[in-house]
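Visitor: I've got this one open on my screen. Can you walk me through it?

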Amino acid sequence: MNSNYSLLIEEVGQRFIQISGDSVQLLQSQGTPYETYAESIEKVMGAVKEDSLIKVALVGQYSAGKSTIISALTGNKDIKIDADIATDVPEDYDWNGVILTDTPGLYTERKDHDARTYEAIKVSDLLLYVLTSDLFDDIVLENFVKLAYEDAYRSKMMLVVNKMSMEQGEFAELRSNYLETLKTSLMPHDLGEFSPVFIDAADYIEGVEDDFQELLESSHFDELVTAINGFVHEKGLLGKMDTPIRQVVSEIGKALTENSTEGSREFFLLLERIENRVKKSIEKSQNNLNIITSDMRSAIVTLGNQLTSLIGGENVDFEGEQKKVETEIRQLIEDANNRLEDMLKAEREELTEQIEDILNSDLADSFFSSVEIDTAHIKGGNVDMTDISNLQKNFKAINNIVEKATGGILKFSNNAAGGFVKSSAMRGSDLHKGIYQVGKFFGHSFKPWQAVNAAKFLTNVAKVAGPVLAIAGVLLEITGHVKEEQNLRKVLQAKNECSSSFVALAKSTQEQFQKQFDEYKNNSYNVVLEEISNQRKEAQTQNQSTLAFHHHLQGNLEELESLIKRLAM
């Protein structure tokens, strides 16, 4: 069974595996030295399969149709589907790198089922909470709220109402009525946080098997796929595919440089060394980003817990304390931003020094000596491209790449092909260009507080805490003097929701920093990697034969590069 609808990340993952596998077979057929590149690509493919692109767990009531939804998504007919509890333990289904986890129903009499399901929930990127068209009963609603707010998973939860064909009536009217019912049931919480979708997975499967278009459309299964695609894009999860695709592109590019003409091999090796330095700089910057934002996230949660502990206490100026916490959180975010800006500036300078070392190497000397270019062909730092050799074109390519990678700090001199300059004037002016790239993304113009709408989270804190602030001293009387259990429950619920709001704020702020870094990476690093790829491709066209092997491998490289562009859309 083939689905008419598919996840973008699954499509890209599937095509990536296909192209990479084809490239491995092609390279292996050529023997030494191409087998080495095939082995490297196989390692990348293995890492993708082992780590998975994203993990989606389906949770909720038993017999809500979780297994049917997975069967509909994957086209796997072997998944056990039953009106009773069909799944005994969480079971993973590898869907071209997307891991779909089928879980036992929550909140049954089987406590072992609940424990196993919670383990699957912890490691997932997205939770599809599945209900039937019967919607919430009291027990399911209570546990849904617990999972979303007390356990703080709401930021990765999506609500799916399945088995819609069980009800009579027009879909639009049913959906409208269900939305109102769900809104009322979840009050005072916001149903919109969970992007509810209404589907019938069994109808979709039947429509695919019978090639019945009307049934496919009435199942509204495409709305689920669209919602998941939106979640994946919003959370930046598509970026998980970018790195492995670029790694395979790099290996194919290096394979295509074999048997190049004299002088070209040094050119390709210089490209590889610069490329490796850029990639290591990306990795180091990402690791430092993780450390800085994790510290910030932990500190925000700690402040939230401190404020939460005041709910229900005696003689507490909660509003005043909340303002203090807000000020401290603003400062935490600003400090994290400043640390990131300083880190990225230092990393940019370190990358420049590393590229300078490459240009001072014996390999670079060998390349420059092979160019044998006359100073008359170089005008004002730019090579005159009129009637000059391929090696001289490669020289200009290296020059362009070095300037892009260092923000113009390093460039070749205008009086010798084999040299480059880094004058004091450049340290004052062109260095500023490189630093400007960092400041552009993490300077004063970046306002994460507004970007994550932090005020919304803090407004929610006041909203949930307000009604119980008058219940002073309740928590102090727990040890035997509590007269109003209902008031105590209100305080505890307010504490849970307040804490959950700060957890969500911390997580959203960390995600915003990651998104901002991804933009910086695209503008400062990926443009260099793309230029290296383009120059490598152009040089390969100049130097390589028209053998079918090269054409085939070149076609695979270009298709992988198109996948990278698709992920960036």
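Predicted model: local features only at pLDDT ≥ 70, side-chain atom pairs only at ≥ 80, totals over all residues.

Visitor: Okay, how many residues are in the largest nonpolar core?

Guide: That core has 51 residues, and F267, I274, V278, I329 and I355 have the most contacts inside it. A nonpolar core here is a set of buried Ala, Val, Leu, Ile, Met, Phe, Trp, Tyr and Cys residues joined through side-chain atoms within 4.5 Å. Buried means under 20% relative accessible area, exposed over 50%, and partly exposed in between, with a 1.4 Å probe and protein chains only.

Visitor: Which helix gives the largest share?

Guide: α19 does, with 14 residues. At least two residues each come from α11 (264–308), α12 (318–359), α13 (362–371), α14 (390–406) and α19 (485–543). Helices (H or I, at least four residues) and strands (E, at least two) are DSSP runs, numbered from the N terminus.

Visitor: How do α11 and α12 cross?

Guide: Their axes come within 10 Å and cross at roughly 170 degrees, so α11 and α12 are roughly antiparallel to each other. For the cut-offs, angles under 35 degrees count as roughly parallel, over 145 as roughly antiparallel, 65 to 115 as roughly perpendicular and the rest as oblique. The axes are lines fitted to C-alpha atoms, for helices over the stretch in contact, and angles run from 0 to 180 degrees between N-to-C directions.

Visitor: And what residue classes make up the contact of α11 with α12?

Guide: You'll find 22 nonpolar, six polar and nine charged residues there. Ala, Val, Leu, Ile, Met, Phe, Trp, Tyr, Cys and Pro count as nonpolar, Asp, Glu, Lys and Arg as charged, and the others, Gly among them, as polar.

Visitor: Switching topic: how many salt bridges are there in the whole structure?

Guide: The search finds 16, where a salt bridge is a side-chain nitrogen of Lys or Arg within 4 Å of a carboxyl oxygen of Asp or Glu. One of them pairs K254 with E251 at 2.9 Å, N to O. K254 and E251 sit three residues apart in helix α10 (residues 239–255), about one turn of the helix.

Visitor: Are K254 and E251 buried or exposed?

Guide: K254 is buried, and so is E251. E251 and K254 are also linked with E272 in a network of salt bridges.

Visitor: What about K404 and E531?

Guide: Their side chains meet in a salt bridge at 3.4 Å, N to O. K404 lies in helix α14 and E531 in helix α19, so the pair ties together parts that are 127 residues apart in sequence. K404 is partly exposed, with 41% relative accessible area, while E531 counts as buried at 13%.

Visitor: Now the backbone: which residues does a cis peptide bond join?

Guide: M187 and P188, with omega about 10 degrees. P188 is in the loop between α6 (171–186) and β6 (197–198).

Visitor: What's the phi of S195?

Guide: S195 has a positive phi of about 40 degrees, although it is not a glycine. S195 lies in the loop between α6 and β6. For context, most residues other than glycine have a negative phi, and most peptide bonds are trans.

Technical notes: Residues numbered from 1 in each chain as written. Heavy atoms only, no water.
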